[in-house]
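Hello,

Here is the structure you asked about, with the sequence. Please open both before you read my notes below.

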Amino acid sequence: DDHLGRTVARLLGLQVTGVIGVLLQAKQAGLLPSVGPLLIEMRRHVYWLSDEIVQVAARLAGET
């Protein structure tokens, strides 16, 4: 859980980006061909992501 770290970062005026945000930025920069398979793989390895989050991320990545 990174709640404390995010809270401190915001108090310091830092922008907080989660792992999905980083993946979306990487795709936009041309560093990844797609985000969807990575999200599925993350779920397989016990990283909790709701169906809704995966769907929104895929839509934002232009993959749906």
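Helices α2 and α3 are roughly antiparallel to each other, because their axes cross at roughly 155 degrees (over 145 degrees counts as roughly antiparallel, under 35 as roughly parallel, 65 to 115 as roughly perpendicular and the rest as oblique). The two axes come within 11 Å. Axes here are lines fitted to C-alpha atoms, for helices over the stretch in contact, and angles run from 0 to 180 degrees between N-to-C directions. Helix α2 covers residues 19–28 and helix α3 covers residues 36–44.

Which residues make the contact? From α2 they are Val19, Ile20 and Leu23; from α3 they are Leu38, Leu39 and Met42. Contact means heavy atoms within 4.5 Å. The set divides into six nonpolar, no polar and no charged residues. Ala, Val, Leu, Ile, Met, Phe, Trp, Tyr, Cys and Pro count as nonpolar, Asp, Glu, Lys and Arg as charged, and the others, Gly among them, as polar.

A note on the source. This is a predicted model, where local features need pLDDT of at least 70 and side-chain atom pairs count only at pLDDT 80 or more, while totals for chains, interfaces and linings use all residues. Residues are numbered from 1 along each chain as its sequence is written, and side-chain values use heavy atoms, with hydrogens and water left out.

Now the whole chain. It has four helices and zero strands, in the pattern α-α-α-α. Helices (H or I, at least four residues) and strands (E, at least two) are DSSP runs, numbered from the N terminus. The C-alpha trace spans about 35 × 25 × 20 Å along its principal axes. Of the 64 residues, 23% are buried (under 20% relative accessible area; exposed is over 50%, partly exposed in between, with a 1.4 Å probe and protein chains only). Among contacts with a separation of 6 or more, 33% join residues 24 or more positions apart.

Glycine 21 sits in helix α2. It is partly exposed, at 24% relative accessibility. Its C-alpha lies 9.9 Å from that of leucine 60, 39 residues away in sequence.

Leucine 31 is in the loop between α2 and α3. It is exposed, with a relative accessible area of 67%. Its C-alpha is 16 Å from that of alanine 58, and 27 residues separate the two along the chain.

Valine 46 belongs to the loop between α3 and α4 (51–60). Its phi is positive, about 70 degrees, although it is not a glycine. Most residues other than glycine have a negative phi. Valine 46 is also exposed, at 76% relative accessibility.

Best wishes
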